[in-house]
Each structure stands twice: as C-alpha cells, then as structure tokens.
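My notebook is open and the model is on screen. Let me jot down what I look up, one entry at a time.

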Amino acid sequence: MTTVYKAATRQVLIDLDRCVADVVRPEPPEKAGGWFWEPSMWTSTLQRRDFERYLPLIGEIHPGDFKVTGEKSPDYYFMTGRQIERMHRLLPRTKVFITIREPGERLFSHYAMKLRQGKFKGLPPHEQVDVASEFETFLYQSFNTSSWAEPFHYATSAEEFLDSVATAVELKMAQLPTDAAGLRDYSFFFGHDYERHIQAWATHYPLIQQLLVIPFEHIVDHEQFPHGIERLINFLEVTPVVNVTQCFEERGDEKHRKKQPMTALARRFLTALY
C-alpha cells in the first residue's frame, strides 16, 4: 500500500484489521500488534538478498490459507519507475492501493502533524499554538524565499504576501512554481501530481487488476465510506466479518475528532498553488 502523506492510510489498515476476516497482522518485534508500519524498503537500492529479510516482515502465509498480508509506506508513492520495476520483478502478483487527498487539505494536515511532533524549532508546544495562524506564517516563510516570489517581496506580513500572491494568480498575472525549486521538501509541498505518480505504478501494476486508487473522502466520510471499503474488499478478494456500515460505526470516537480548519486566506493561496 502506498499513498501521499496524511491521506488516511493508517485508518484504512485499522478498518481492514477490524472488519475483514482474511487479513493477517504481521507483528515486527518493535511494532507488534498491527500491520501499519513503514519499512520503506523498496525505496532503497534493494538487492535480492534483502528480499529474504523483507518477507518475514509481512508475516508467514501458507498456500491454501486464502489470506492476505501487507504493509504501507508513504515513501513508496514517490518511487521512481526503476524502483517500481525492481519491486515488480520480485513481487509480480502484489496488489497495490493508493489513497489520495485534496492537496491543500493534505498539506495542512501534514503541517499540523509535524507541529504536534515538535518538528518546527522555535515554536512553543503545539497545545499553545494557533495552528491555522502558524500555518499562514509557515507558507509565507517557505515560499517568500523562492526566486519567483521576488515581485512580492514588498509584503511585510504573511497575510499580505499570501493575499498578494493569490490575487495575482487569480488575475493570471503570476504563476506559482510547479516543482520543488527553492523549497525544502518535495513530498511535503508537491505530492499532488497524482496522475504522474499513479501512471508510474500502473506501468507495472495494471489498474483494476492490481492497482486501486481510493479518495480520502471514501475513507473518512460516513456516506462515501461504504463505496470505498467495498471497492477495497472486492479488490483484495477478502471476506468482511461485519457489514460496511457497522465497520464504520465501530470506529467510535475516531470518526468524531474535530480539527481546526485552515484559514480562508491559506485556502485561497493553496488553491492558487494547486
């Protein structure tokens, strides 16, 4: 399983573990109790001898058990065609599913997660931070240093910069960058080129038969969840132990978590970006 960051992959695997009978849960010693961990092995220069170390990670499956096992790593989404080809040579029958999310919302969620993890130096504990306001500052600091932003260097605040850029793009007087030039993290800002990345996977794992793409809303939205989970169950050829509505309801408090939304200004800027 692969995905952009913050597209509910962990939730998908929890749902499969809870609602499907045929899923085997590998339990690496350091992360026992679930199969949602991130070895990111296929992004390295994997050799055949490494494959022998990889197999135990995903659990032991005996012929005739009719069970599936697997793992997820967001880094796989950015694998090159050569890396995917190497994986296909060793795992030609593997099925891959990718979850995707609206780019601006995904970026804001990714930022909020890194904030909770204390990844941004100089900020107080995340409980004391206005996430939406700090996100505006983060966008300003990230993009204002790029060479394309020179026409907007007159801006003296995050609000003025984001508004000026968004307005210029809306009026077709400027164009935001389409690559990582001048930015710190490609996967953080530019994981939204879904067509290109999915096509790289589809070259070796054909759509429908071995590759499935699931929108974020089909995982988190009560009305769309049945369609999404049914597609995944049929794709994996596994047997549900409860109906899909019950599977969603059994999430309990997980589905009721409220998160602070981004500001309207940040949304305007990201709409212009993406």
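**Entry one: a proline in a loop.** I find Pro-92 in the loop between helix H3 (81-90) and strand S2 (96-100); helices are DSSP runs of H or I with at least four residues, strands are E runs with at least two, and both are numbered from the N terminus. Pro-92 is partly exposed at 41% relative accessible area (buried is under 20%, exposed over 50%, partly exposed in between, with a 1.4 Å probe and protein chains only). Leaving out residues up to four places away in sequence, I see Pro-92 touch Tyr-205 and Gln-210 (contact means heavy atoms within 4.5 Å).

**A note on the model.** It is predicted, so I keep in mind that local features need pLDDT of at least 70 and side-chain atom pairs 80 or more, while totals for chains, interfaces and linings use all residues. Residues are numbered from 1 along each chain as its sequence is written, and side-chain values use heavy atoms, without hydrogens and water.

Which residues of H12 (264-273) are buried? I list Leu-265, Ala-266, Phe-269, Leu-270, Ala-272 and Leu-273. They lie on the same side of H12, because they cover an arc of only 155 degrees around the axis (taken from the directions from the helix axis to the C-beta atoms). Ala-264 and Thr-271 are exposed on the other side. Among what covers the buried residues, I note H4, H5 and helix H6 (158-170).
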